[in-house]
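Take a moment to look over the chain below. Then follow the text from the whole fold down to single side chains.

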Amino acid sequence: MTLSNPPENKAFHLTSVFFRWRTYAQTGAQFGYATTWTMPYCYPLMAAVQIISARLGRTTGRGIAGNIRSYYPASIVYSCVSKGFRSRPS
C-alpha cells in the first residue's frame with residue numbers, strides 16, 4: 001500500500017493494523033528475544049522465495065497462483081490457497 005492510494009475503508013484498515021500490532025506486541029512480550037536465533041536461517045529462505053517468485057512472474061507474466069492453475073487441477077489449487085489463508089496470523 002502506498003501513501004498516494006489510501007484504502008477505501010479506512011476504519012477497517014486501521015482496525016486491522018491495530019489487531020496486528022496487538023498480536024505482535026503480545027508475541028514479543030511472551031517470547032522476547034528467545035526466537036531471534038531463527039533470523040539467520042529464515043531470512044535467506046524468505047529472500048530466496050521472493051526472488052524466485054519475482055523471476056517467475058517476470059518470465060511468465062502471471063503470479064504464483066496463475067502458474068499453479070496452469071499446471072495442476074483445481075482441487076490442488078484450492079487446497080493450497082485455503083491452506084495459505086488458514087496460516088495467516090490475522
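**A chain of helices**

Buried residues make up 3% of the 90 residues in this chain. Buried means under 20% relative accessible area, exposed means over 50%, and partly exposed lies in between (1.4 Å probe, protein chains only). This is a predicted model: local features need pLDDT of at least 70, side-chain atom pairs count only at pLDDT 80 or more, and totals for chains, interfaces and linings use all residues. Residues are numbered from 1 along each chain as its sequence is written, and side-chain values use heavy atoms, with hydrogens and water left out.

The chain has four helices and zero strands. Helices (H or I, at least four residues) and strands (E, at least two) are DSSP runs, numbered from the N terminus. In sequence order, the pattern reads α-α-α-α.

Now find helix 2, residues 39–60. Its 22 residues should span 32 Å at 1.5 Å a residue, and its end C-alpha atoms are 31 Å apart, which agrees. The expected span is 1.5 Å times one less than the number of residues. G61 follows helix 2 and has a positive phi, near 80°.

M46 sits in helix 2. Its relative accessibility is 46%, so M46 counts as partly exposed.

How many aromatic pairs does the whole structure hold? A search finds one. The ring centres of W37 and Y41 are 6.3 Å apart and their planes meet at 70°, so the pair is edge-to-face. Rings of Phe, Tyr and Trp (its six-membered ring) pair if their centres lie within 6.5 Å; planes under 30 degrees apart count as stacked, over 60 as edge-to-face and the rest as tilted. Both W37 and Y41 are exposed.
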